Amino acid sequence: MPALSRSIAHLDMDAFFASVELLRYPQLRGQPVVVGGRRASASTAGQAFPSLRDYVGRGVITTATYEARAFGVHSGMGLMKAAQLAPDALLLPADFESYRHYSRLFKAAVREIAPKVEDRGIDEIYLDLTALNPDGTADGARRVALRLQQAVTDATGLSCSVGVAPNKLLAKLCSDLDKPAGITVVTAADIPARIWPLPARRINGIGPKAAARLESLGIVTIGELAAADPAWLQDRFGERYGVWLHRAANGEDERPVVTESEPKSVSRETTFERDLHPRLDKSDLSQHFTRLCEQLAADLARKGYVGKTVGLKLRFDNFHTVTRDQTLAAPTGDAAVIRRAAGECARRVPLERRIRLLGVRISALSRRDAIPEHTPPPAQAELFV
């Protein structure tokens, strides 16, 4: 009987954004580097590699090299807080166009070997390797994983980590166990020794609040969660989540690798380094708005979609967030049409406070090749009046 009833892999790029930056700046290899923010502070302007200690702003870390992570910094942490932990870490601005380019490269390389791919984001994918490992052996899974790693490196110059297991839940957990450039293969028989000693929070789907609640109830490890009475878990976490917690801790997950899925929406947003006033900073806001709409249109074109419902998202300086939508007469992928519709949405919002975040979204998507040619109306109107 095969050790792996299914061979499901999770491939996760190693410190992806930071690693792309190190391709551009190889002299920074081995140093603590943080990627985040949009521009250097006045005190560091003109320096090639400003240090984190000189950062002034409220940006957050997009990613960091493993050398920087050793100081306790991590994705999503505010750069000002990170500066307290790793003041000498070097700060590089994010370049998402470059990251998307390398994302497309590594995914194309993987599909040459394993076409059954589920895209889960810019730097991670699931793969069904069952047909490539027909005997279901751990050694066979490892050989396929090595081929995938080599293909990714050949195509991008970057490294990745691969977890292979009987299902997606375990595969994702395993891909993080031996980073960077690791390969971890876990069978059902390995779960007690390899998975159960890990903290329960390592399971994808157990967030900080649930982990804290479990810990308050005396459950710290995955093994302790697996041994808990299912009815007891349901009483404390609700029937649906309680059942899932018990099944996940026991390594149960029947979800297939979904190779074809239609996106529900496409969006772009930006958080400003400083809050912008609707009138005093009208020119800056208008430029940001136009660029977001152009980026959104480019995303749609690359993915082959058009959309019919345009949405606007505004977050003010008091963190109050509002959204507005407008449905068009016909689907569009035109930046000017998107801008005009989102501008109409803005007219329905009282613009009385400074703006912290601006976002544009398009939904009700259709395949571009399924929509007849349509001449868009001319764009008009400023966003903020």
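Which residue in E12 does Arg268 stand opposite? The third point below takes this up, after some remarks on the basis of the model.

1. Basis of the model. The structure is a predicted model, in which local features need pLDDT of at least 70 and side-chain atom pairs count only at pLDDT 80 or more, while totals for chains, interfaces and linings use all residues. Residues are numbered from 1 along each chain as its sequence is written, and side-chain values use heavy atoms, with hydrogens and water left out. Helices (H or I, at least four residues) and strands (E, at least two) are DSSP runs numbered from the N terminus, and two strands are said to pair if DSSP finds at least two bridges between them.

2. The four-stranded sheet. Four strands in the order E9-E12-E10-E11 make an open sheet with antiparallel pairing. Strand E9 (265-276) and strand E11 (321-332) are at the edges with a single partner strand each, so one side of each has no neighbour in the sheet. On average, neighbouring strands of this sheet are turned by 15° against each other, direction ignored; axes here are lines fitted to C-alpha atoms, for helices over the stretch in contact, and angles run from 0 to 180 degrees between N-to-C directions. E10 and E12 pair in the antiparallel sense over eleven bridges, and Lys313 has Gly359 in E12 as its bridge partner. Strand E10 (residues 305-316) is joined to E11 by eight bridges, also antiparallel, with Arg315 partnered by Thr321 in E11. Helix H13 (residues 335-346) lies across E10, E11 and strand E12 (355-367), and runs at about 140° to E11.

3. Arg268. This residue belongs to strand E9, which is joined to E12 by eight antiparallel bridges, and the residue that Arg268 stands opposite in E12 is Val360. Arg268 is buried, with a relative accessible area of 10%; buried means under 20% relative accessible area, exposed over 50%, and partly exposed in between (1.4 Å probe, protein chains only). Its side chain makes a polar contact with the side chain of Glu97 at 3.4 Å, where a polar contact is a pair of N or O atoms within 3.5 Å and, within protein, one must be able to donate a hydrogen and the other to accept it, residues adjacent in sequence counting only if both atoms are side-chain atoms. Leaving aside neighbours within four places in sequence, the residues in contact with Arg268 include Glu97, Arg100, Leu292, Asp299 and Val360, contact meaning heavy atoms within 4.5 Å.

4. A second open sheet for discussion has three strands in the order E3-E2-E4, with mixed pairing. Strand E3 (61-64) and strand E4 (90-92) stand at its edges, each with a single partner strand, so one side of each lacks a neighbour in the sheet. Strand E2 (residues 33-36) runs parallel to E4 and is joined to it by three bridges, and the bridge partner of Val33 in E4 is Leu90. Helix H1 (residues 16-24) lies across E2, E3 and E4 and runs at about 70° to E3. Seven of the nine residues of H1 are buried, so this helix is largely enclosed by the rest of the structure; among them are Phe16, Phe17 and Leu22. The buried residues of H1 pack against strand E1 (8-13), E2, E3, E4 and helix H4 (96-113).

5. The second largest pocket. This pocket holds about 510 Å³ of space. Of the 21 residues that line it, the closest to its centre are Asp12, Lys172, Ser175, Asp176 and Lys179. E1, H1, E3, helix H2 (66-69) and helix H6 (168-175) each give two or more residues to the lining. A pocket, on a 1 Å grid over the protein atoms alone, is an open set of points where a 1.4 Å probe fits, with protein on both sides within 12 Å along at least five of seven lines, and lining residues have an atom within 4 Å of a point.

6. Backbone points to check. A cis peptide bond, with omega about -5°, joins Lys179 and Pro180, and Pro180 is placed in the loop between H6 and strand E8 (183-185). Ala15, in the loop between E1 and H1, has a positive phi of about 40° although it is not a glycine, and Ala15 is buried at 7% relative accessible area. Phe319, in the loop between E10 and E11, likewise is not a glycine but has a positive phi of about 70°, and at 52% relative accessibility Phe319 counts as exposed.

Notes
Grid points are joined across faces, edges and corners, and a volume is the space filled by probe spheres set on the points.
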